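Good morning, colleagues. Please look at the sequence and the model before I continue.

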Amino acid sequence: MESKRIADLNVSSRILLGPGPSMVSPRVLRAMATPVLGHLDPQFLTIMEEQQQLLRMVFQTQNELTLSIPGTGSAGMEAALCNFIEPGDQVLVAIMGFFGERLAEMAQRYGALVDRVEKPWGEVFDPVEIEEALKAKTYKLIALVHAETSTGALQPGIAEIAAAAHRHGALLVLDTVTSLGGMPVEIDAWQVDVAYSAAQKSLSCPPGLAPLTVSPRAREVLHKRKTPLTNWYLDLNGLEKYWQPPHAYHHTAPISLHYALREGLRMVEEEGLAARFERHRFNANLLWEGLDALDLPPLVQPRHRLTTLTTPQIPVSIDDLAVRQRLLEEYNIEIAGGFGPLKGKVWRIGLMGFSSRRENIALLLAALDQILR
Ligand SMILES: Cc1ncc(COP(=O)(O)O)c(C=O)c1O
């Protein structure tokens with residue numbers, strides 16, 4: 001069969017309303033066209049330093065060890081686990097969807113003895129339930145997802161969970177891939193030890209960098225490792241030596257992606273965190289009202305919903321794939337289907353960063369109305 005070739009990268013500019021990547025602002029795209037500098041060029045190091053300050057702003061932290069790792073969100077997840085886990089360590093993972101499962105699998109691959117606490121997909125934990133699980137034995141760390149992209153649910157009570165983890169001698173590792181930049185993430189106020197994210201969701205940059213921040217408490221654990229890390233590339237000691245003066249070579253930084261992330265973060269700063277969160281909330285409300293009117297009620301209870309990602313339930317009479325295909329082909333809009341137990345049961349509609357705009361919601365709701373009629 002002859003394959004269709006896309007000449008000169010002449011791809012459609014889609015309206016990206018899926019779980020990520022989200023749409024990238026023209027300002028960020030222009031930043032990426034800046035001439036490539038060397039990864040040790042003083043001008044580039046200044047750009048990285050600025051990015052580091054901006055990452056602290058969006059994570060709401062003073063953590064010195066705050067940086068971005070080359071790779072997507074999964075690289076952030078991997079770095080957040082492999083640096084702190086040694087073979088035989090006890091790890092607790094609180095799972096309420098697909099990405100919690102990934103955390104458990106990764107921790108296991110690094111040799112941890114993993115215990116799981118689980119919730120049905122679409123629900124969240126009461127922090128008290130997590131504290132109960134923490135009492136069972138002494139865990140080195142507990143990991144969980146803040147904003148579960150597979151279900152659209154936000155885990156509340158992170159400060160309480162962190163306090164419980166610390167009372168029982170464990171570190172808290174938090175996945176903020178779908179919350180950072182779109183919903184409040186307060187690393188210092190909540191006392192989170194390790195958090196990671198991804199550039200391509202609410203920060204609205206192209207995929208390829210994973211922001212990460214590490215508390216002083218977690219750094220102590222890192223320094224007390226007894227066994228060498230088997231993952232060379234994601235070793236935070238090596239990465240830190242590159243980010244801090246005198247900037248020893250570790251890897252060749254993806255220069256253009258760093259330009260993009262710095263610019264995306266500057267846009268977050270200019271908008272202001274509070275205003276940005278309010279924009280996401282306001283637009284999510286518009287979407288929820290419109291979905292209710294179309295008889296597509298979201299799966300998650302209103303008080304636990306993400307404002308960055310909504311999962312409307314698909315009536316049994318509707319063909320999931322056919323609707324998504326028509327949205328893409330006729331309206332140029334991308335949304336996504338569900339995973340695992342939610343496959344065919346929900347759609348996943350992202351309103352993240354630059355995608356979270358009123359005109360996108362109006363177009364999507366009108367398109368769905370036409371298709372479903
Ligand atoms: C909550 C969460 N964690 C981790 C990941 C993995 O990120 P990536 O696909 O960028 O590797 C995703 C991706 O959607 C996610 O939504």
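This is a predicted model: local features need pLDDT of at least 70, side-chain atom pairs count only at pLDDT 80 or more; totals for chains, interfaces and linings use all residues.

Residues are numbered from 1 along each chain as its sequence is written.

Let me begin with the domains. The chain is divided into domain 1, residues 7–22 + 272–372, and domain 2, residues 26–269; these bounds come from an automatic or database domain assignment. Taken over C-alpha atoms, their centres are separated by 26 Å. Their contact takes 25 residues from domain 1 and 26 residues from domain 2, where two residues are in contact if their C-beta atoms, placed from the backbone, lie within 7 Å.

Which elements give two or more residues to the side of domain 1 that touches domain 2? They are α11 (273–293) and β11 (309–310), and α11 gives the most, with three residues. Helices (H or I, at least four residues) and strands (E, at least two) are DSSP runs, numbered from the N terminus. By class, this side has 13 nonpolar, 10 polar and two charged residues. Here Ala, Val, Leu, Ile, Met, Phe, Trp, Tyr, Cys and Pro count as nonpolar, Asp, Glu, Lys and Arg as charged, and the others, Gly among them, as polar.

I turn to α11 again, now with its partner helix. α11 and helix α13 (residues 358–372) pack at an angle of about 10°, with their axes 10 Å apart. Axes are lines fitted to C-alpha atoms, for helices over the stretch in contact, and angles run from 0 to 180 degrees between N-to-C directions. α11 is therefore roughly parallel to α13, as angles under 35 degrees count as roughly parallel, over 145 as roughly antiparallel, 65 to 115 as roughly perpendicular and the rest as oblique. Asn283, Leu286, Leu287 and Gly290 of α11 meet Arg358, Ile361 and Leu365 of α13.

The second pair is helix α2 (residues 42–59) and helix α10 (residues 255–271), whose axes come within 9 Å and cross at roughly 40°. α2 is therefore oblique to α10.

Finally, the ligand. Among the 14 residues around the ligand, Thr72, Gly73, Ser74, Thr149 and Val177 come nearest; a residue is near if its C-beta atom, placed from the backbone, lies within 6 Å. Helix α3 (residues 73–82) gives the most to this shell, with three residues.
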